[in-house]
Every structure is written in structure tokens, then in C-alpha cells.
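Visitor: Could you walk me through how to read a few features of a model like this one? I would like the general idea and then the case at hand.

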Amino acid sequence: RERRMQWWHQARFGMFIHWGLYSTLGRHEWAMEEEGIPVAEYEKQAWAFKPQPNAARAWAQLAKRAGMKYMVMTTKHHEGFCNFDTQTTNYNAAKTGPGRDLVREYLAAARAEGLRAGLYFSLMDWHHPDGARCMTDEAARRRFVDYVHAQVRELCTNYGQLDVLWYDVNWPLTAEGWESAAMNKMVRQLQPDIILNNRSGIPEDFDTPEQEIRASRNRNWEVCMTMNDSWGYQSADNNWKTPQTVLRNLITCVRDGGNYLLNIGPTADGSIPPDSVRILTEVGQWIDRNGATVLSSDACQPRSSEFLTFTRRGKTLYAHVYYWPGVSLSIGGLQTKVLSAKFAATGTPVRCDQDEFRLRLTGLPAAPPDHPLTTFALECADVPTQNNDKTRIERPRRGVGI
């Protein structure tokens, strides 16, 4: 596992792509379920789904510009429609509206940009006649599990080397019911270097907290998160995160030893919503200048204050300032000698002085020099540590002349 996971730990930042028939509705990826749309009515969207050729090229190019190192795309979401050419059902992209294998196009696009590529696969299936019946009918369970295993086998056989298999929603069966141990053994035989997440009901390689940053203790973990409130394309959802929020989330994940998988929801023709492009473009510009401060970082004991947080590489501590303090900045509780300080993006030196209770950076500009989120590189004499309790307890309480 350590060998297989090495690239993933260095990558830190990836792109999630939710794309399927729900994109033609523009109302949410759970529209079929939440609106109670009958299967016969919903499956007509398979013929309305006619994406432009090689739409995934723009996704991969944007991911690379944004500083992302890997991508994960939905091969089949809960609606049951397969974005890949499969022998198990005609309800797939090659045999309906698209007329081609969209997963193959995606993998080619990711690889062309030098990105690692993974596949998302939903175990839950609202379209298959045994998708719910399997919970109480053993014959239905057998048929449905064989169907699912066959699709997973196709994905792991027909597309060359895969880097991640990202399962989702194992309702309505347990890991035993899905025969997940056998399924994952098959996957590893076909793809020896693949990384598996925990949503087949077996812990496997990494945990997947969703929509909140929640570090796992003694486990690899990756937060998956939307840029607005929706995974699939939702035309009316304008609750977009700011680029600063995205960067803060990335920094927090890295600080706590995790990865950040950030979603785009392309439209029916494969176009990326303009706000997603805007956000990721600004994020990429920041990473171009500051990427070394977050990507391939080491575990970091100094945590944060009300206005900044930290990452670390070796003996260099990076202070990421969220709220600019003005012409001077103070950090309390650092226990390690800071030898020098500079702006991480430009290398411009910064004056610093330090006593046992605080580090002060002085002579700063009144406004952030190049971005609302500014990072300082602090060169330390040893691996940096922080102890705010020492400052709180031992700092002198009596003022001079009062």
C-alpha cells in the first residue's frame, strides 16, 4: 500500500467529475430519485444526451491549469446509465445518444495532460430491476451482484492502467451481500497498482469524508467536495465557493495529511460551467506561485490562529495568511528558532524578530501584495513546533508602569 499510495500522497489535489443523464435535466444528480421519475420516462434522457466530441479535453486542461494532479470521473452514477461501452446493458453511452464511449475519451484526455486517472462507480442502481429487490430476494441479489461485478471487471480490463477505483453508495446490501471482498480481489488482480476507497463496505486504501474536512486518525483520507451545492449540473445553483475558500480547504486538507477532490458538474454537452472555470483558474494562478507550499508537504504540528494556518516541508514552515493584518504580523507560540522569512511567491525577504512568546514580521505592505491569501516561508533551525499553552501560561501578566 505504501508504494501504491506514494503518488497519491504527493498529488494532494484532484478533480471530481459528475456527468450523466442528470446533466440533461440541469436540476441535480438525484433528480430521478427525489422527483420520483419513472424509469421508462427517465431513460428517454439517454437519447437526449449528445455531448460534444472530446469534451473531456477541456476538463483535463482546466485540471492541469488549476494545479490538480489527478481526476476521477463517474462511469455510472446512481441513475444506472453507463458512460462506458458495456456488454451488460444497452443503457450506455455507446448504444444511445452519445454514440461513443465517454469513459475512454475521458481517460485519453487525462493521460494526454499527464494526470493520474480514476473511475467512480456507483454500486446503487435505480435503473436495474433488481437494484432494490436484491435486498429481500436472493435470486435478485445473485443477478444484480453478478451484473455489478461484470461491469467492474470490464472497467478494470478494457481501459489500460487505472489509478483509482472510487466506489459509491453500497445501498441496499452489506459488504457481504455485495461480495465486496471477492470483487476487490478481482480488481487488484486486474489492476495491481490501483487504489480503492472505502465505499464498498471494506476500508481498503482511503476514507472519503464528503462535503466537510474530517481527518481520519491513522488512515489515509480524501475529502470530496462540490464548488457550489450540487455534484451534477444544476443550472439554478449559484452558491459558488470563492477561490479563497477553495484554497483554504486545500491548505487545511494538506495540513492534516489528506487530499482534496474538488468537483465540476459539466453541462449536457460537456461544457464546464463558467463559474467553475473562473474559480479554478484563480486557484491555479495561486498554485503556480505558491504550489510548493502545499503540494508534497509533510505532516505539520503547528496548527493555526484566527487569521492563518500552516503547512510544512522539511524545516520550512509556511504561514498562509487569510486575513491581512497590515504592516506587521505576529505569530504566537512558535517553539523553534526562525532563521529567516520571505514571501513564498516572490522570495522577497521579510524582517523578523522572535522571542520566547512570539515571532514578529515587520515592514509589510498595508495591503496583501499579490493575492488575498498570502503565504510566508519561514526557514527554521529545526522541524517547527508550536505551543500556545506555554505562551498563555508563562507570558508575563504585569504591565510596565501600570
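Visitor: Where is the place of Pro-172?

Guide: Pro-172 sits in the loop between strand 4 and helix 9. Helices (DSSP runs of H or I, at least four residues) and strands (runs of E, at least two) are numbered from the N terminus. A cis peptide bond, with omega about 10°, joins Trp-171 to Pro-172. A word on the basis: this is a predicted model, where local features need pLDDT of at least 70 and side-chain atom pairs count only at pLDDT 80 or more, while totals for chains, interfaces and linings use all residues. Residues are numbered from 1 along each chain as its sequence is written, and side-chain values use heavy atoms, with hydrogens and water left out.

Visitor: Which residue other than glycine has a phi near 70°?

Guide: That is Arg-12, and the value is positive. Arg-12 belongs to the loop between helix 1 (2-11) and strand 1 (13-17). With a relative accessibility of 6%, Arg-12 counts as buried; buried means under 20% relative accessible area, exposed over 50% and partly exposed in between (1.4 Å probe, protein chains only). Glu-204 is not a glycine either, and its phi is positive at about 50°. Glu-204 is in the loop between strand 5 and strand 6 (222-225) and, at a relative accessible area of 13%, is buried.

Visitor: How do I read the sides of a helix? Which residues of helix 10 are buried?

Guide: In helix 10 (residues 180-190), the buried ones are Ser-180, Met-183, Asn-184, Met-186 and Val-187. Looking down the axis of helix 10, these fall within an arc of 155°, so they line one face of the helix; the arc is that of the directions from the helix axis to the C-beta atoms. Turned away from that buried side are the exposed residues Ala-181, Lys-185 and Gln-189.

Visitor: What do the buried residues of helix 10 pack against?

Guide: Their partners are helix 8 (138-157), strand 4 (164-168), helix 9 (175-178) and strand 5 (195-196). You can look at this region from helix 8 too, where His-149 lies. His-149 is buried, its relative accessible area being 13%. Leaving aside neighbours within four places in sequence, His-149 is in contact (heavy atoms within 4.5 Å) with Trp-178, Glu-179, Met-183 and Met-186.

Visitor: And helix 6: what do its buried residues pack against?

Guide: First, the residues themselves: Ala-56, Trp-59, Ala-60, Leu-62 and Ala-63 of helix 6 are buried. Down the axis of helix 6 they fall within an arc of 160°, so they line one face of the helix. They pack against strand 1, strand 2 (70-76), helix 7, strand 7 (259-264) and helix 12. Following helix 6 comes Gly-67, with a positive phi near 90°. In the loop between helix 5 (45-48) and helix 6 (56-65) lies Ala-55. Ala-55 counts as buried at 6% relative accessibility, and, apart from neighbours within four places in sequence, it is in contact with Glu-105, Asp-269 and Gly-270.

Visitor: At what angle do helix 6 and helix 7 pack?

Guide: Two packed helices are described by the angle between their axes and the distance between the axes. Helix 6 and helix 7 (residues 102-112) pack at about 35°, their axes 8 Å apart. Axes are lines fitted to C-alpha atoms, for helices over the stretch in contact, and angles run from 0 to 180 degrees between N-to-C directions. Ala-56, Arg-57, Trp-59 and Ala-60 of helix 6 meet Glu-105, Tyr-106, Ala-109 and Ala-110 of helix 7.

Visitor: Are helix 11 and helix 12 parallel or oblique to each other?

Guide: The axes of helix 11 (residues 243-255) and helix 12 (residues 274-290) come within 9 Å and cross at roughly 55°. Helix 11 and helix 12 are therefore oblique to each other: angles under 35 degrees count as roughly parallel, over 145 as roughly antiparallel, 65 to 115 as roughly perpendicular and the rest as oblique. On the helix 11 side the contact includes Leu-247 and Leu-250, and on the helix 12 side Val-283 and Trp-286 are among the residues.
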